[in-house]
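Here's a quick tour of a fold, from the sheet to the helices and then the aromatic rings. Have the viewer open while you read.

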Amino acid sequence: MSAARVSFFRERIFPILFMFVVTVVFITAVSGVYLSTQKTIQLNETLFLKRAVLSAADIPVPQGGAAIDTLYRKRIQQVSDPKGAPRYYKVMAENGIDLGGYVLYGAGPGLWGTIRAVIGFNKTLDHLTGIDFIEQSETPGLGARITEGWFRTQFRGKSGPFSMVREGQKSAPNEFDAITGATITSTAVRDLVNKTQQNARSIISN
C-alpha cells in the first residue's frame with residue numbers, strides 16, 4: 001500500500017470507522033441499561049403515583065412498597081376512560097366498601113413546564129382532603145417548594161375558590177400561603193386547584 005493511500009486511510013477512513021464503532025458500543029450499552037431497568041422504573045413510577053393518591057385522599061402512607069400496594073388495593077378504586085387511562089379515583093372507607101371520597105387529576109402551566117397534581121375531595125365534593133404533586137419542573141428552592149409538606153397540607157379540609165396571600169399571612173378559610181419568590185408557581189397551583197374543584201362534579205358524573 002502506497003504512503004498516499006495509508007495517509008488517506010488514517011486521515012479520512014479511520015476516524016469515521018472509529019466514531020462508528022464507538023457510537024455502536026455506547027448505543028448498545030445505553031440500550032442494554034435502559035431495557036434492564038425499564039421494569040424497575042415502571043414499578044417505581046406506579047408506586048410513586050399510588051403514594052400520591054393515598055396522600056391526597058388523606059390516608060396515612062405506610063413505609064415500604066408492598067404495604068403501600070396493599071393499602072392502595074383496599075382503599076382506592078380507579079375509574080378509567082374507554083381507553084383504559086385513569087380518569088379519577090374513588091376512595092373507599094376503611095371497610096373497603098363505603099365511599100369515602102374522590103381523587104382527581106389537576107394540571108396547569110407553571111413557570112418552566114406543566115404542573116400535574118392529584119387532588120382529593122370528600123364524598124360530597126365540599127372540601128379538599130389533600131393534594132400531592134406528581135409532575136413539576138419548577139425552580140429548586142423556590143417554586144419546587146410546592147412539594148413540601150407545609151405547602152401541601154394547608155389545603156386539607158378547606159374549600160375553594162382559593163386565594164393566595166403572602167407566606168405566613170393566611171387567615172381566611174379559603175386562603176393559602178404563596179411561596180415567597182415564586183408567585184407564578186403559586187398562582188398556577190391556585191388556578192389548577194380552583195379549576196379542578198369547579199369541574200369535579202362534571203368529571204365524576206361523566
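## The sheet

Two strands count as paired if DSSP finds at least two bridges between them. Strands (E, at least two residues) and helices (H or I, at least four) are DSSP runs, numbered from the N terminus. This is a predicted model, where local features need pLDDT of at least 70, side-chain atom pairs count only at pLDDT 80 or more, and totals for chains, interfaces and linings use all residues. Residues are numbered from 1 along each chain as its sequence is written, and side-chain values use heavy atoms, with hydrogens and water left out.

Five strands make an open sheet in the order E1-E2-E3-E4-E5, with antiparallel pairing. E1 (76–80) and E5 sit at the edges with a single partner strand each, so one side of each has no neighbour in the sheet. From one strand to the next, the twist averages 25°; the axes behind such angles are lines fitted to C-alpha atoms (for helices, over the stretch in contact), and angles run from 0 to 180 degrees between N-to-C directions.

## Strand by strand

E2 and E3 run antiparallel over five bridges, with Met 92 partnered by Leu 99 in E3. E3 then pairs with E4 over nine antiparallel bridges, and the two form a hairpin with four residues between them. Gly 101 faces Asn 122 in E4.

What about E4 (residues 114–122) itself? Seven of its nine residues are buried, so E4 is largely enclosed by the rest of the structure. Buried here means under 20% relative accessible area, exposed over 50%, and partly exposed in between (1.4 Å probe, protein chains only). E4 also makes a hairpin with E5, with five residues between them, and Leu 125 in that turn has a positive phi of about 60°.

## Helices on the sheet

Helix H2 (residues 65–75) lies across E1 and E2, at about 65° to E1. Helix H4 (residues 183–205) packs on the sheet and touches E2, E3, E4 and E5 (contact is heavy atoms within 4.5 Å). The direction of H4 makes about 135° with that of E3.

## Aromatic pairs

How many aromatic pairs does a search of the whole structure find? Seven. Rings of Phe, Tyr and Trp (its six-membered ring) pair if their centres lie within 6.5 Å; planes under 30 degrees apart are stacked, over 60 edge-to-face, and the rest tilted.

Tyr 89 and Tyr 105 form a tilted pair, 5.8 Å centre to centre with 50° between the planes. Tyr 89 is in E2 and Tyr 105 in E3, so the pair ties together parts 16 residues apart in sequence.
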